[in-house]
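Subject: Structure handover

Hi,

Here is the model I promised to pass on to you. My notes on it follow below, and I hope they are handy when you open it.

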Amino acid sequence: MPPVRLVTLLRVTTMRASALRRLASPLAATTRHPASWIASLSLAFALDLRSADWFQFLGPKRNGSCTATNLAAAWPAEGPPVLWQRQVGEGFSGPVVSRSRLILFHRIADRETVECLDARSGKEFWKTGYPSRYQDDFGFDEGPRATPTVAGERVFTFGADGMLHCWAFESGEKKWGVDTRTTFQAGKGFFGMACSPLVEGRAVMVNIGGKDGAGIVAFDQATGEVLWKATADEASYASPIAATMDGRRWVFALTREALTALNPLDGRAIFHYPWRPSMHASVSAATPLIIGDFIFLSACYGAGATLLRFHESGPEKLWSADDALSNHYATSVHHQGFLYGFHGRQEEGCALRCVELKTGKVRWSQEGFKAGTVILVNDQLLVLTEKGELLRAPATPARFQASDRAQILPFVVRAYPALSDGLFYARSKNKLVCLDLREPP
């Protein structure tokens, strides 16, 4: 390949210099086979770019964790640099990032609005939306709760009143839409509908809680046609997750009544494990964590936490406790045999805790943060409190000790943040900010 064409190929990618250096040495030695050289280069670019994306709720693995090689060793005294910021509408929907584009889902006036922005500058590429009738019965925020999902050239959004849409990633063109509350006669729930869509194979799955076996519904990504329906349960506020167990793919969905394991191809349930708070006026919002063949569940309102071991015939309970790590709305993260997350109800005050996975033993508990979210980056915790403070600390069972902290947003912060290529995106009830956590050049 001529040198000018190679330079052009390198420039059109969004990979950082560190990633290019990792590729340079082995590729330079393959000049005798230019076709395979270019194919290897293209594949490496595609894989590295995809791994840098935060394209769905809870990140690339849907477990609140990611890897990064370009984070700064320490933050400046005034906090990480702000690349850009902007006002946003209502909602608890978190931002997602794919191929250097950020998808924002929020409510402006009486419209649930989807925007595509340049992830590095905040410049708008496209904007679309539709009227929303949702009114919160408790006077809370009336914007969307569910985080969008980007899959290839499609963006999926699920609104507070149950409107499921598919949009073109490049243009924002509406591909299809389904009014799930009307179609499946689903209830409003306490706080609207909040399931972040899960894409697995050709299916996009949502926890709807509809009638006639439409508890969980899978739609064809391309057309919106129903592929299958499963369970008669009402919807919880937790989002499903897919994982490989015993060499097969399964979808694990926490409904209002139980943990259900489904075959994503046809919706066949292999088990339906009853697990929910005993209180009627309760919600279960934390997504199940899949760790090897373990399944960790957590909720407040008396449900507490439990660790299960997967078996196709039904899970085996290893431990259960209400005083270990009861997640109200934020999912915990796992690192090297330990769980890190917020324990307790938001309105009563929460403690940030480290808990041993296999025993439920509390290793440390840190008061004073109220509620918040936690993501794991390599071996570091990024803790974003509802008061808008961002902290970084080692993920260690020895103790909690923040190495960096900065006030980045005003109160109230409920949406999950996103981290992509060293840039951190977070939103409060009215503001979205992009922070640069990268090592300075």
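I call two rings of Phe, Tyr or Trp (its six-membered ring) a pair if their centres lie within 6.5 Å; planes under 30 degrees apart count as stacked, over 60 as edge-to-face and the rest as tilted. This is a predicted model, in which local features need pLDDT of at least 70 and side-chain atom pairs count only at pLDDT 80 or more, while totals for chains, interfaces and linings use all residues. Residues are numbered from 1 along each chain as its sequence is written, and side-chain values use heavy atoms, with hydrogens and water left out.

Aromatic rings

Ring pairs join F138, F140, F190, F191 and Y237 into a cluster. The structure has 17 aromatic pairs. One of them is edge-to-face: the ring centres of F191 and Y237 are 6.2 Å apart, with the planes at 65 degrees. F191 sits in the loop between α4 (180–184) and β11 (198–200), and Y237 in the loop between β14 (226–230) and β15 (241–245), so this pair links distant parts of the chain, 46 residues apart. Helices (H or I, at least four residues) and strands (E, at least two) are DSSP runs, numbered from the N terminus.

For burial, I use under 20% relative accessible area as buried, over 50% as exposed and in between as partly exposed (1.4 Å probe, protein chains only). Y237 is buried at 14%, whereas F191 is partly exposed at 26%.

Another pair, F296 and W319, is tilted, because the planes lie at 50 degrees with the centres 6.3 Å apart. F296 belongs to strand β20 (residues 294–299) and W319 to strand β22 (residues 316–321), so the pair ties together parts 23 residues apart in sequence.

Charges over rings

A charge sits over a ring if NZ of Lys or CZ of Arg is within 6 Å of the ring centre and within 35 degrees of the ring normal. The charged end of R99 is over the ring of F169, 4.1 Å from its centre. R101 lies over the face of F125, also at 4.1 Å from the ring centre.

Sheet

Two strands pair if DSSP finds at least two bridges between them. An open sheet of 5 strands runs in the order β1-β27-β28-β29-β30, with mixed pairing. Its edge strands, β1 (65–66) and β30 (404–407), each pair on one side only. Strands β28 (residues 380–385) and β29 (residues 389–394) are antiparallel and joined by 5 bridges; L382 has R392 in β29 as its bridge partner.

Best wishes
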